[in-house]
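Open the model in your viewer and keep the selection tool ready. We will go stop by stop.

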Amino acid sequence: MAPATPSRKPLMAGNWKMNGSHLEAIALVQKLAFGLKEADYEAVDVAVLPPFTAIRSVQTSVDADRLQLLYGAQDVSQHASGAYTGEVSGAMLAKLGCSFVTVGHSERRQYHSEDDATVNAKARAAIANEIVPIVCVGEGLEVRKAGGQVAHCLAQVDGALEKITAEQARTLVIAYEPVWAIGTGEVATPQDAQEVCGAVRTRLAELYDGGVADQVRILYGGSVKGANIAGIMAQADVDGALVGGASLDPGEFVKICRYRDLPV
Ligand SMILES: O=C(CO)COP(=O)(O)O
C-alpha cells in the first residue's frame, strides 16, 4: 500500500445530499461522535456536509461537545450578496464555521445546468471566504464506454481552476466521482479510481507545480462503503472519499473512516 504523504492527511467527507431534518442531523452527529475516537481523528479528517437547513444545528453540536468533526455545505452562490433569491453566500457559510463546500457535484451539473464557468466562480467564492472547495469532476457512462474519462475529467479540472492561484490551489480538494457509480451500487474498481486521480495530480503539476500537486487531496466518490473503501484507499493518488448514501448510516461511515482496519 502506498500511503498518502503526511502533508496529505486522508479526508472522509459525508455528503448527506437532500436528506434529514435539522433534528435528524443532530442525532446523526451524536452517533458519529460516539463512534469516532481520538485515534480516528488523528488518522483522518472527518467531515459531514448536511443540507443548508441543518448546518447551524451541526455547528451547535460540534461546538457544544468540542467535536473534532469538520463540516461544510453542498453548494455556495457564486455571488457575494444581493438579489439572488434562494442562494446562500460564502460569507454566510463561513459565519457558520463551514470548512468545506462541494462545487460542481454531478447532480448540480445535471439538474441545475452548472457548467465549468459556474463551478469555477463557486470555487472562487468559497476560497474568498476561506472555505475549501471540494471540486467534483466525473464522467458519465457514455464517456466511460468510449474511454474518454481522463480527458473529460481533466477538462473539468482545467475549467474549475481558472484564475485560481498556486497558493489558493494548495488547499483544494478535488473529488473524482464517476457519474455511473453514484448511487448505483456500481463502484469503480480501485484501478479506475487511480487512473483518473493520478491523471488529475499530474495535471495539477502541469497547471501549477509539483509542490501543489503533492498537497492537493484527491478523493474518490461513488458507492463507497465499508466493503470497498480499503482497496480504493490503497491507491497512491486517492486521499479519501466523498461518501453519499453510506454516510447516512453512522456505523458504516465510522467503518469507512477506519479503513485501515479493513481487508483490501
Ligand atoms: O455523489 C456521491 C457523493 O457526493 C456518491 O454518492 P453514493 O455514495 O451514494 O454513490
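**Stop 1: the ligand**

Select Ser-223 and the ligand: a backbone N or O atom of Ser-223 sits 2.7 Å from a ligand oxygen atom. That is a polar contact, meaning a pair of N or O atoms within 3.5 Å; within protein, one must be able to donate a hydrogen and the other to accept it, and residues adjacent in sequence count only if both atoms are side-chain atoms.

Before moving on, note that this is a predicted model, where local features need pLDDT of at least 70 and side-chain atom pairs count only at pLDDT 80 or more, while totals for chains, interfaces and linings use all residues. Residues are numbered from 1 along each chain as its sequence is written, and side-chain values use heavy atoms, with hydrogens and water left out.

Which residues surround the ligand? Select Asn-15, Lys-17, His-105, Glu-177, Ala-181, Ile-182, Gly-183, Gly-222, Ser-223, Leu-242, Gly-244 and Gly-245.

Helices (H or I, at least four residues) and strands (E, at least two) are DSSP runs, numbered from the N terminus. Ser-223 is buried, at 17% relative accessibility. Here buried means under 20% relative accessible area, exposed over 50%, and partly exposed in between (1.4 Å probe, protein chains only). Check the backbone too: phi of Ser-223 is near 55 degrees, a positive value in a residue other than glycine. Most residues other than glycine have a negative phi.

**Stop 2: the annotated pair**

His-105 is in the loop between β4 (100-103) and α5 (106-111). Glu-177 is in the loop between β6 (173-176) and α10 (190-207). Are they buried or exposed? His-105 is buried, at 5% relative accessible area. Glu-177 is buried, also at 5%. Their side chains are joined by a polar contact of 3.0 Å.

Leaving aside neighbours within four places in sequence, it is in contact (heavy atoms within 4.5 Å) with Asn-15, Lys-17, Cys-136, Glu-177 and Ile-182. On the same terms, the contacts of Glu-177 include Val-137, Gly-138, Glu-139 and Leu-242.

**Stop 3: Asp-75**

Jump to the loop between β3 (70-73) and α4 (90-95), where Asp-75 lies. Asp-75 is buried, at 12% relative accessibility. Its side chain makes a polar contact of 2.8 Å with the side chain of Lys-122. Another, of 3.4 Å, joins the side chains of Asp-75 and Arg-108. Beyond four places in sequence, Asp-75 also contacts residues including Phe-52, Leu-93 and Val-101.

**Stop 4: the nonpolar cores**

Show Met-12, Leu-69, Leu-93, Leu-204 and Tyr-220. In the largest nonpolar core, of 70 residues, these touch the most other members. Such a core is a set of buried Ala, Val, Leu, Ile, Met, Phe, Trp, Tyr and Cys residues joined through side-chain atoms within 4.5 Å. Helix α10 gives the largest share, six residues. Apart from this core lies another, of twelve residues, among them Ala-47, Cys-136, Ala-175 and Leu-242.

**Stop 5: Glu-130**

Finish at Glu-130, in the loop between α6 and β5 (132-137). Glu-130 is exposed, with a relative accessible area of 74%. Its phi is positive, near 60 degrees, and it is not a glycine.

Technical notes:
Near = heavy atom within 4 Å.
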